[in-house]
Amino acid sequence: MRPQDPSSNLAGTQRADAHLCCAPIDGLILCKLINDSVPDTIDERVLNKPSVSKGKPKPLNAFQITENNNIVISSAKGIGCSVVNIGPSDISDGTEHLILGLIWQIIRRGLLSKIDIKHHPELYRLLDDGETLEEFLRLPPDQILLRWFNFHLKAANWPRRCVLLAADSTKHAGQSSSADLRDAFPGSTTFRRTSRTLRTTRSC
């Protein structure tokens with residue numbers, strides 16, 4: 001079996017990124033993503049949607065697309081995303097780095113919103129010695145996630161700890177974290193598959 005060329009993975013990723021950035025130009029997909037992360041943020045009745053005229057689809061005009069994208073930006077800001085230097089034309093023009101950054105923030109907001117004591121009462125087990133529940137609940141969600149990760153490494157008697165979960169170190173932190181989890185839990189096929197994927201894309 002021939003080894004897979006890492007450059008083919010990179011080319012596929014670039015094509016996927018380009019498609020992802022072209023898809024949300026009218027704002028509708030981004031609005032659905034925002035509502036999925038934080039339900040009921042946007043009343044979808046106010047959005048402009050393509051219609052059908054005489055049996056043929058009628059696309060949105062430039063003004064309607066701009067209206068939708070303005071709703072995307074204001075709603076994303078309302079749920080805590082940074083939208084500095086992002087305008088409606090950046091979305092409609094498919095500006096890759098801005099759209100991908102916005103999508104990442106929206107998804108991150110939705111994932112971290114579920115990290116709390118109401119959804120997961122078992123989080124009380126993460127309290128440090130002498131720490132009160134009130135002090136623990138004042139931690140930002142990403143710090144609670146980091147403590148959860150290290151809790152499991154400690155439970156597996158693994159000597160290393162993760163100290164940072166940040167956007168600028170996601171790739172390297174992901175590689176290190178995958179290696180730690182694979183070694184700490186050697187019986188898990190999930191961690192073995194993740195590690196193989198990371199080794200394949202490491203040269204990208």
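Visitor: Where does N69 lie?
Guide: N69 lies in helix 3, where helices (H or I, at least four residues) and strands (E, at least two) are DSSP runs numbered from the N terminus. This is a predicted model, in which local features need pLDDT of at least 70 and side-chain atom pairs count only at pLDDT 80 or more, while totals for chains, interfaces and linings use all residues. Residues are numbered from 1 along each chain as its sequence is written, and side-chain values use heavy atoms, with hydrogens and water left out.

Visitor: Is N69 buried or exposed?
Guide: N69 is buried, with a relative accessible area of 0%; buried means under 20% relative accessible area, exposed over 50%, and partly exposed in between, using a 1.4 Å probe and protein chains only.

Visitor: At what angle do helix 2 and helix 3 pack?
Guide: Helix 2, residues 28-37, and helix 3, residues 62-78, pack at an angle of about 25 degrees with their axes 9 Å apart; axes are lines fitted to C-alpha atoms, for helices over the stretch in contact, and angles run from 0 to 180 degrees between N-to-C directions. The two helices are therefore roughly parallel to each other (angles under 35 degrees count as roughly parallel, over 145 as roughly antiparallel, 65 to 115 as roughly perpendicular and the rest as oblique).

Visitor: Which residues make that contact?
Guide: On helix 2 they are L28, L30, C31 and I34, and on helix 3 they are N68, I71, V72, S75 and A76, with contact meaning heavy atoms within 4.5 Å.

Visitor: Switching topic, where is D40 found?
Guide: D40 is found in the loop between helix 2 and strand 1, residues 51-53, and at 75% relative accessibility it counts as exposed. Although D40 is not a glycine, it has a positive phi of about 65 degrees.

Visitor: What about phi of N157?
Guide: Phi of N157 is near 60 degrees, again a positive value in a residue other than glycine. N157 is found in the loop between helix 7 and helix 8, and N157 is exposed, with a relative accessible area of 71%.
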